[in-house]
Amino acid sequence: MSEQMHMIADSLDRLFVDLAARDQQMPESWQMIEDMGVCDLLLDETEGGMGAGWADAEPALRLLGFRAITLPIGETMIARRLLSQAGLQIPSGPLPLSPDALPDIRPERIVALGAFLRTAQIAGALSAALDMTIEYAKIRSQFGRELRKFQAIQQQIAVLSEEVAAIASASASAALAIDKGSGQFAIACAKLRANQAAGAGALIAHQVHGAIGITAEYSLHRFTNGLWQWRSDFGNDRYWAGWIGRRVLAEDAGTPWSILTKESLA
């Protein structure tokens, strides 16, 4: 990511922190997004965008999950990019990412890019859940000891950390693959892995937190609710596992790894 994109990501993070602290459904919240040009990130500069690639935009999409942003910013960003590539008029305001809303765009492409969006959001939300879990294990004590000093808790946090690292890598790799082509296989692998991590990661976070993790006053649910929802959006485990299996079987001489690396390194 370029220095310019680092600066943009920092600005977006400050904006998302502000949004997370207010009622995101207020019209003023969406106007803040439009004023900053967030949803035009993937558009060419000639169209008033920033000319960013998918690898540049991926950290911003991940921040949506990390800050628990519920506004359809990622959906609108991708929908505008698809409409632009198709030479179609781009309407103002938020846009859903669905075949019904984008009838002139191939449904398969909408699903694939929606899956990439959810992968990035899962990566961000799971990272936030990890941060909360680590902090809670530091301040909470049981039987006269901090939770973080129990080996069982340490093991759970270590597994959660592995899941976070794996999904962050998968999301970033998928973005690079999209910049080089369709990125379809990389997206499929990333979304399947993200779906698996979402379930396992949410379970660990709640196990470490115990009862407080499910209370309305504690903010963990803002991230884990998203994890459970996003794992089903734009293809669940069964959908993408079947898609990958059919693709591998259709290759004359290919393994999942060889197809993935060929697509990512082309």
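1. A residue is called buried when its relative accessible area is under 20%, exposed when the area is over 50%, and partly exposed in between, using a 1.4 Å probe and protein chains only. Helices (H or I, at least four residues) and strands (E, at least two) are DSSP runs, numbered from the N terminus. In helix α6, the buried residues are Ile153, Ile157, Leu160, Glu163, Val164, Ile167, Ala170, Ser171, Ala174, Ala175, Ala177 and Ile178.

2. The structure is a predicted model, in which local features need pLDDT of at least 70 and side-chain atom pairs count only at pLDDT 80 or more, while totals for chains, interfaces and linings use all residues. Residues are numbered from 1 along each chain as its sequence is written, and side-chain values use heavy atoms, with hydrogens and water left out.

3. The length of α6 can be checked against expectation. The expected span of a helix is 1.5 Å times one less than its number of residues. For the 30 residues of α6 this gives 44 Å, and the end C-alpha atoms are 44 Å apart, so the two values agree.

4. A nonpolar core is a set of buried Ala, Val, Leu, Ile, Met, Phe, Trp, Tyr and Cys residues joined through side-chain atoms within 4.5 Å. The largest such core holds 57 residues, and Phe16, Ile33 and Ile73 touch the most other members. Apart from this core lies another, of 29 residues, including Ala123, Leu126, Ala129 and Ile167.

5. Which residues are in contact with Ile33, leaving aside its neighbours within four places in sequence? Contact means heavy atoms within 4.5 Å. The partners of Ile33 are Leu15, Phe16, Leu19, Val38, Cys39, Leu71 and Ile73.

6. Rolling a probe the size of a water molecule over the atoms shows where empty space is left. On a 1 Å grid over the protein atoms alone, a pocket is an open set of points where a 1.4 Å probe fits, with protein on both sides within 12 Å along at least five of seven lines; lining residues have an atom within 4 Å of a point. Grid points are joined across faces, edges and corners, and a volume is the space filled by probe spheres set on the points.

7. The largest pocket has a volume of about 270 Å³. Its lining has 18 residues, of which Ala68, Ile69, Thr70, Gly226 and Trp230 are the closest to the centre. At least two lining residues come from each of α5 (107-139) and α8 (220-230), and α8 gives the most, with seven.

8. The second largest pocket has a volume of about 230 Å³. Of its 14 lining residues, Ala170, Ser173, Cys189, Trp257 and Leu260 are the closest to its centre. Two or more residues of this lining come from each of α6 (151-180), α7 (184-209) and α10 (256-265); α7 gives the most, with five.

9. Phi of Ala68 is near 55°, a positive value; Ala68 is found in the loop between α3 and α4 (73-85) and counts as buried, at 9% relative accessibility. Phi of Phe234 is also positive, near 55°; Phe234 is in the loop between α8 and α9 (237-250) and is buried, with a relative accessible area of 19%.

10. Pro59 lies in helix α3 (residues 54-66). Is Pro59 buried or partly exposed? Pro59 is partly exposed, because its relative accessible area is 21%.
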